[in-house]
Amino acid sequence: MANSPPAPGFGKSRSPTDESRDSILAPLWLQEAERAAKRHCTILITGETGVGKGHLANFIHQNSPRANQPFVPINCGAIPETLMDSQLFGHAKGAFSDARREHPGMIRAAAGGTIFLDEIGELTSSAQIRMLRLLQEFEVQPVGYSEPVEVDVRVLSATNRSLEDAVASRSFREDLLYRLDVIRVEVPPLRQRRNEIADLILQFNEEFCRIHRTPTLDFHPEAVECLIRHPWPGNIRQLRTVIERLHVLCESPHVTPKTLQDVSKLDLIESRGVPSTARFDLSAQRKQMIEVHLEQGGTVESFAKGIGVHRSTVYRWLKPT
């Protein structure tokens, strides 16, 4: 959505002016993703569970020429093996006993746009063959069809395991890996992106204010430092869960290190001895996010709508402290 606050861990779609201004600040992996977004090539996104691979796929789509076309995320691991071919590639009426009507399939549903195949390593051998045909010939063979059907779709995929190991064990086709892996973007774990954690806290804080209709949590600087220092084995997904738990269980909106310890149940590293100048001021960080949104052509109203608060709240956040 244009002029909306960014998805967790990534920026919004950007103009060439934004790109030239911000490229020096963006990490190399995100710069590569943004450059590749403008081409039709396949992109394989790798990284640990919870790092935001799906958000990056959406970011790539939003920064591509297909941004106004469908973006269809597909979790390959959630599709039963017996239904994978028909769910992905479609089927004709009567193709099998339960095929009472024709089904176009998820891939054709994304025609003109982008499909994102999460957990790509879970594709069955039959689906791998059909996917290879899509990438080579730009066509799919629905179950029960005698002729293939042309389809214009961009393919993004993701995995949290080694596809090279899967190739070695013969559970994944090597030729398909080559087709999927034109560009590979590895998303680092959150423990290697600690400078993003304060922004993520803000985003999740506002998200759960809207969802649970709770007050904005006021994080003490030492509480923020505790969260920044935590190793986050579950990455962004785990951080999001912790912020939601705080919204649900906290009796006071003031979050201290003790609150974190009591509510989150995390084994937190305390921030004792950290100079106050090194601590994150969450209010200042939030104000900076609003100012960046305004600089990029957004409005106070669009920012407020994007995070589910009244515009008067955003104006209050912008006031000098």
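The model is predicted, with local features needing pLDDT of at least 70, side-chain atom pairs counting only at pLDDT 80 or more, and totals for chains, interfaces and linings using all residues. Residues are numbered from 1 along each chain as its sequence is written, and side-chain values use heavy atoms, leaving out hydrogens and water.

**The sheet**

- Five strands make an open sheet in the order S2-S3-S6-S1-S7, with parallel pairing. Strands (E, at least two residues) and helices (H or I, at least four) are DSSP runs numbered from the N terminus, and two strands pair if DSSP finds at least two bridges between them.
- In general, strands of a sheet pair through backbone hydrogen bonds, either parallel or antiparallel.
- S2 and S7 (183-186) sit at the edges with a single partner strand each, so one side of each has no neighbour in the sheet.
- On average, neighbouring strands here are turned by 20° against each other, direction ignored. Axes are lines fitted to C-alpha atoms, for helices over the stretch in contact, and angles run from 0 to 180 degrees between N-to-C directions.
- S1 (residues 43-46) and S6 (residues 154-159) pair in the parallel sense over four bridges, and Leu44 stands opposite Ser157 in S6.

**Helices on the sheet**

- Helix H2 (residues 28-37) packs on the sheet and touches S1, S6 and S7, its direction making about 145° with that of S7. Contact means heavy atoms within 4.5 Å.
- Helix H3 (residues 53-62) lies across S1, S2, S3, S6 and S7, and runs at about 150° to S1.

**The nonpolar cores**

- The largest nonpolar core has 30 residues, and Leu88, Ile107, Leu117, Leu123, Met131 and Phe172 touch the most other members. Such a core is a set of buried Ala, Val, Leu, Ile, Met, Phe, Trp, Tyr and Cys residues joined through side-chain atoms within 4.5 Å.
- At least two residues each come from S2 (71-75), H4 (84-89), S3 (114-118), H6 (125-137), H7 (163-168) and H8 (174-180). H6 gives the most, with five residues.
- Leaving aside residues up to four places away in sequence, Phe172 touches Ile120, Gly121, Gln128, Leu163, Ala166, Val167, Leu177 and Leu180.
- Another core, of 25 residues, lies apart from the largest one, with Leu190, Leu239, Cys250 and Leu260 among its members.

**Helix H9 and what follows**

- H9 is mostly covered, with twelve of its 16 residues buried. Buried means under 20% relative accessible area, exposed over 50%, and partly exposed in between (1.4 Å probe, protein chains only).
- The buried residues of H9 include Ile197, Leu200, Phe204 and Phe208.
- At 1.5 Å a residue, H9 should span 22 Å, and its end C-alpha atoms are 22 Å apart, which agrees. The expected span is 1.5 Å times one less than the number of residues.
- Arg213 follows H9 with a positive phi near 55°. Arg213 sits in the loop between H9 (197-212) and S8 (218-219), and at 77% relative accessibility counts as exposed.

**Other loop residues**

- Glu119 also shows a positive phi, about 55°, although it is not a glycine. Glu119 lies in the loop between S3 and H6 and is partly exposed at 33% relative accessibility.
- Gln141, in the loop between S4 (139-140) and S5 (149-150), counts as buried at 17% relative accessibility.
- The Gln141 side chain makes a polar contact with the side chain of Arg133 (3.2 Å). A polar contact is a pair of N or O atoms within 3.5 Å; within protein, one must be able to donate a hydrogen and the other to accept it, and residues adjacent in sequence count only if both atoms are side-chain atoms.
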